Amino acid sequence: MKPARFAYTAPDTVEGTLDALDRFGDEAKVLSGGQSLVPMMNFRLARPEVIVDIGRVSGLDGMSVSNGTLTVGARVVHSRLEAPTVSTPDGRSESLGGVLGSLLPVVARFVGHLPIRVRGTFGGSIAHADPAAEWCILARTLDAEMVALRQGGERTIPAADFFETVFTTALAAEELLVAVRLPILGEDWRAGFCEFSRRAGDFAVVAAMTAVRLEPATGAIAEARIGVGGVAGVPVRLPAAEAMLVGETPGAGLHAAAAEAAAGEVDPVGDLHGSAAYRRDLVRAMVARSLAQGAGASG
């Protein structure tokens, strides 16, 4: 398979990239790692007139922590998140610790196979917006913020507004996703991530991420987040299941009840990978396992 004919430009600065996007508009498509876009072009599912390759653009491949937020540059490759390190204000590099530092490697190892993880990029996955993609689910569950640049301005887009439908985001044609901001989860948080796929490296049929904040004095759940992918056109939060957890003490019975509520809250559509009922059952299983993982139990 070969892609349709296209023009190609490879700016080496953010300014040059924004200029190209402004000139070509809807005719252009940004190429980062290429692990999603190139196969779609080869199958003629995507036929951009112009490819804007940002592989030479500097300044988009760093990770840093500031004011309780982890900023991940759009060109950070997936494999870097298997052992995440961040830049410190004094120019050093150190491992990202804490709950988020433990969660990111768990999620990263579900992303494709190693050749994909060393080439594909975090920002590319977010901008591609596959509703079953691991980073999209994480971004939605943690209420990430997407930082987009255009000529003459910058805007921050909450994850809840960023993902619009399958492969469609709130990014305008002239905008470039340059970074994603993730909240640093404190030590009172517990998080887990589970997914089911037909084969290792495939996109998930269903994936679930959970994060709960515990009251230090009582151990009860003060705040809960449950996000799932593979059941709708975008990754979704499940507020009814989240509400069931708040005020309760984590345990197998509570996890099962919340998972049951999560299964009832989704309205999946069946396809060749599984019926709607099958996907609903997977939501039940993945949410329960993710909660157990976060609580330190075996799934």
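Colleague: Which hand does the β-α-β unit made by strand 2, helix 2 and strand 3 have?

Modeller: Before the answer, note that this is a predicted model, in which local features need pLDDT of at least 70 and side-chain atom pairs count only at pLDDT 80 or more, while totals for chains, interfaces and linings use all residues. Residues are numbered from 1 along each chain as its sequence is written, and side-chain values use heavy atoms, with hydrogens and water left out. Helices (H or I, at least four residues) and strands (E, at least two) are DSSP runs, numbered from the N terminus. A crossover is right-handed if, with the strands pointing away from the viewer, the path from the first strand over the helix to the second runs clockwise. Here strand 2, helix 2 (residues 37-42) and strand 3 make a right-handed unit.

Colleague: In what order do the three strands of the open sheet lie?

Modeller: Two strands pair if DSSP finds at least two bridges between them. In this sheet the order is 1-3-2, with parallel pairing, and the edge strands, each pairing on one side only, are strand 1 (7-9) and strand 2 (28-31). From one strand to the next the twist averages 25°, where axes are lines fitted to C-alpha atoms, for helices over the stretch in contact, and angles run from 0 to 180 degrees between N-to-C directions. Strand 2 is joined to strand 3 (residues 50-53) by four bridges, and Ala28 has Val50 of strand 3 as its bridge partner.

Colleague: Which strands does helix 1 touch as it packs on the sheet?

Modeller: Contact means heavy atoms within 4.5 Å. Helix 1 (residues 14-24) touches strand 1, strand 2 and strand 3, and its direction makes about 165° with that of strand 3.

Colleague: Why is helix 3 described as largely enclosed by the rest of the structure?

Modeller: Helix 3 is described that way because eight of its 11 residues are buried. Among them are Val99, Leu104 and Ala108, and the buried residues pack against elements including strand 5 (69-73), helix 6 (134-141) and strand 14 (206-214).

Colleague: How many residues does the largest nonpolar core have?

Modeller: A nonpolar core is a set of buried Ala, Val, Leu, Ile, Met, Phe, Trp, Tyr and Cys residues joined through side-chain atoms within 4.5 Å. The largest has 44 residues, and those with the most contacts inside it are Ile126, Trp135, Met146, Phe163 and Leu182. Its largest share, six residues, comes from helix 3 (residues 98-108). Trp135 touches, among others, His78, Leu104 and Phe122.

Colleague: Where is Gly62 found?

Modeller: Gly62 is in the loop between strand 3 and strand 4 (63-66), and with a relative accessible area of 34% Gly62 is partly exposed. The C-alpha atoms of Gly62 and Val86 are separated by 7.5 Å, although these residues are 24 residues apart along the chain.

Methods. Buried < 20%, exposed > 50% of the residue type's maximum accessible area, 1.4 Å probe, protein only. Lists of a residue's contacts leave out its neighbours within four places in sequence.
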